[in-house]
Amino acid sequence: MARYQLLRRPGAAVLLTLGVAAAYYAAGLVGLTHQLVVEGAIVTPLWPPTGIALACLLWFGLRAWPGIVLGALLVILAISTFPAHSVGILAGNSLAPLCAYLMLRRVGFRTELDRLRDGLALVFLGALAGMLISATVGSGVLLLSGQIQAESFGPIWSAWWAGDAMGVLVVTPLLLVCRTARWPGGTSPGRWAEAVCLVVTVAVVAYTVTRSLVPLLFLVFPLLMWAALRFQLFGAAPCALIVSVMAISAATEQLGPFRGHGTLGVMSVLQALNGSAALTGLLLSAIVSEQITVRRKIELACSELAELVDRLVPGGDANRRTPPPQEDL
């Protein structure tokens, strides 16, 4: 509570705005390093700023929105000058994460992502529904300004929407996990060894299958299931990011399964892989976390019930713990 009270001060609010804008701008520069041209328009298969924007809103509330607007403006200025139609693109990129945040808050979304309903809300409200705004407004502005033709609207809209949605599916869970992560004291060496082995295996397999001419992309899914079952979102989110980065790198260079396809074919394969990987890790880890929480609550209830019985029944603890005398044979 004290942290949020500090954010109400003018100086802290300015620092928050500048920090969010800097993070948004830096993520935008990273996203622009991998670009694809769809119907004459430049799109990114993964747009990290949308994930950062939504995470900041979930952390700090509406106070983070001015930083998102400033960050989106800086990214547009980094690409080119600021023509008149850029105002509409700025509005769409700023309103999309805001609307996604309001919808998530409406349904009682929890940033721990330890319930299946939270995972589904992030997928369908935060990513798929919320990012409709940025894609529709951005593509519509380009069409009305004469930057694209009418027949190009559908492919550009699809690529724009998929890139923004993937930013939420891949980046937002990772940031939410990083905020709640704690140094795992008392973790056994075997657990550490398993985690290192998982990360290395995912990186090697993802690099190999995204550059192999043999269609082996499905091999990443058993590894994502391993990460979700054993480490929940702490393991699934980084592994999904690794898979996505490897796939985007191969797609932009048209290597492996992306070779020989047109831009729309490359985008289709890439987004199908990235979306499936993110959904597998996110939803499976949410299911496992929810089951673990239910089991702990049941164990706690059983322990409290046993203590209550011991207090209510005279000698209950002794009768329960002392074995009956054995008869001599």
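**Entry 1. The 264-288 span**

I looked up residues 264-288 and found 100% helix and 0% strand, with end C-alpha atoms 36 Å apart. Helices here are DSSP runs of H or I with at least four residues, strands are runs of E with at least two, and both are numbered from the N terminus. I am working on a predicted model, where local features need pLDDT of at least 70, side-chain atom pairs count only at pLDDT 80 or more, and totals for chains, interfaces and linings use all residues. I number residues from 1 along each chain as its sequence is written, and side-chain values use heavy atoms, with hydrogens and water left out.

I took the span from UniProt, where an unreviewed entry lists it under "transmembrane region". The entry also lists 12-34, 40-60, 67-84, 120-144, 156-178 and 234-252. UniProt positions are in the numbering used here, feature names are shortened, and annotations may be inferred rather than shown by experiment. I checked residues 12-34 as well: that span is 87% helix and 0% strand, and its end C-alpha atoms lie 34 Å apart.

**Entry 2. The whole chain**

I counted 13 helices and 2 strands. The chain has 329 residues, and 43% of them count as buried. Buried means under 20% relative accessible area, exposed means over 50%, and partly exposed is in between, with a 1.4 Å probe and protein chains only. I then looked at contacts, meaning heavy atoms within 4.5 Å. Of those with a separation of 6 or more, 74% join residues 24 or more positions apart.

T17 is buried because its relative accessible area is 18%. Beyond its neighbours within four places in sequence, T17 is in contact with P66, G67 and L70. L29 has 37% relative accessibility, so I logged L29 as partly exposed. L29 and I79 are 50 residues apart in sequence, yet their C-alpha atoms are 9.3 Å apart in space.

**Entry 3. The largest nonpolar core**

Which residues touch the most other members of the largest nonpolar core? I found L54, F109 and L122, in a core of 78 residues. Helix α8 (residues 153-180) gives the most to this core, with 12 residues. A nonpolar core is a set of buried Ala, Val, Leu, Ile, Met, Phe, Trp, Tyr and Cys residues joined through side-chain atoms within 4.5 Å.

I followed L122 further. Leaving out neighbours within four places, its contacts include L54, F109, V168 and L282. L113 and P173 are also among them.

**Entry 4. α3 against α8**

Two packed helices are described by the angle between their axes and the distance between the axes. For α3 (residues 48-60) and α8, the axes come within 7 Å and cross at roughly 45°. That makes α3 oblique to α8. Under 35 degrees counts as roughly parallel, over 145 as roughly antiparallel, 65 to 115 as roughly perpendicular, and the rest as oblique.

The crossing of α3 past α8 is right-handed. A crossing is left-handed if the near helix is turned anticlockwise from the far one by less than a right angle, and right-handed if clockwise. On the α3 side I noted L54, A55 and W59 among the residues in contact, and on the α8 side D164, V168 and R179 are among them.

A55 got its own check. A55 sits in α3 and is buried, at 0% relative accessible area. Not counting residues up to four places away, A55 touches T172 and L175. A55 and P173 are 118 residues apart in sequence and 8.2 Å apart in space, C-alpha to C-alpha.

**Entry 5. α8 against α11**

I repeated this for α8 and α11 (residues 233-252): the axes come within 9 Å and cross at roughly 140°. That makes α8 oblique to α11. The contact is made by V170, P173, L174, V177 and T180 of α8 with L233, F234, A237, P238, L241 and S244 of α11. Here the crossing is left-handed.

Most residues other than glycine have a negative phi. L113 has a positive phi of about 55°, and Q254 also has a positive phi of about 55°. L113 lies in the loop between α5 (86-106) and α6 (116-129). Q254 lies in the loop between α11 and α12 (263-312).

Are they buried or partly exposed? L113 is buried, with a relative accessible area of 3%. Q254 counts as partly exposed, at 36% relative accessibility.

Key
Axes fitted to C-alpha atoms, helices over the stretch in contact; angles between N-to-C directions.
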